[in-house]
Amino acid sequence: MNPLVIPGVYAPQEDTGLLAGALSEEPLAPGADVLDVGTGCGALALAAARRATRVTAVDVSWRAVCATRWNALRAGLPVRVRHGNLFDPVDGRSFDLILTNPPYVPAPAGDQVPRGTARAWDAGGDGRLVVDRICREAPALLRPGGVLLMVHSALSDPDRTLAQLRAAGLKASVTRRRRIPFGPVLRSRKEWLRGRGLLSDDENSEELVVVRAELPS
């Protein structure tokens, strides 16, 4: 059953599929606690819940919260859905696995907080407005042996992600890569990205990466 996607909510795309593949390979004990941050329509939260895990899904968009609740109800899966900004709704809790497909597209508006549907992809001038916060805050929410799986674009500096997570004491590496053609947002920003030195003149695709970071037991 495909999840319902309503207007204004991020629809599952190649980045969702790449992260879902990484999730499918992650060993999870029945009853493991999973957090899906920036859940969108809940596709990843539902995939985790089908593995008999306890899933909490969070999104800053009320439309996404409603869509995820409806999709969980349709699928008959017990997903807790919370409204809020990243980790705020789960303060004080810890998890065996954290999944996140955050906004990661570099935006000409710089570090202004995006509004409307652009909140699902715009992430500051370097694409790290949300990624940096995840790198700072997620390690404290992992249980010993817990894992963070995050997908973002190579345009958003995966090496910086790895360095930050390793500095927090996690074992971090890129475990999946996929190159895809530019979508509408990146096509509209090609000249700006080239001016920033983020693209070569003949580049018309972006590389997506999955970062896996584990807190040692």
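Reader: Why is Arg133 called buried?

Author: This is a predicted model. In it, Arg133 has a relative accessible area of 16%. Buried means under 20%, so Arg133 is called buried.

Reader: What makes the contact between Asp88 and Arg133 a salt bridge?

Author: The closest N and O atoms are 3.2 Å apart. The cut-off is within 4 Å, so the pair counts as a salt bridge. Asp88 sits in the loop between strand E3 (79-83) and strand E4 (95-100). Arg133 sits in helix H4 (residues 131-137).

Reader: Why is Asp88 called partly exposed?

Author: Its relative accessible area is 49%. Exposed means over 50% and buried under 20%, so Asp88 falls in between.

Reader: How do you know that Glu137 forms a salt bridge with Arg133?

Author: Their closest N and O atoms are 2.8 Å apart. Glu137 and Arg133 are 4 residues apart in helix H4, so about one helical turn separates them.

Reader: What makes Glu25 exposed?

Author: Glu25 has 59% relative accessibility. Exposed means over 50%, so the term applies.

Reader: Which residue forms a salt bridge with Glu25?

Author: Arg176 does, with the closest N and O atoms 2.8 Å apart. Glu25 lies in the loop between helix H1 (14-24) and strand E1 (33-37), and Arg176 in strand E6 (residues 171-181), so the pair ties together parts 151 residues apart in sequence. Arg176 counts as partly exposed, at 23% relative accessibility.

Reader: How many salt bridges are there by this rule?

Author: The count comes to 13.

Conventions. Residues are numbered from 1 along each chain as its sequence is written. This is a predicted model: local features need pLDDT of at least 70, side-chain atom pairs count only at pLDDT 80 or more; totals for chains, interfaces and linings use all residues. Side-chain values use heavy atoms; hydrogens and water are left out. A salt bridge is a side-chain nitrogen of Lys or Arg within 4 Å of a carboxyl oxygen of Asp or Glu. Helices (H or I, at least four residues) and strands (E, at least two) are DSSP runs, numbered from the N terminus. Buried means under 20% relative accessible area, exposed over 50%, partly exposed in between (1.4 Å probe, protein chains only).
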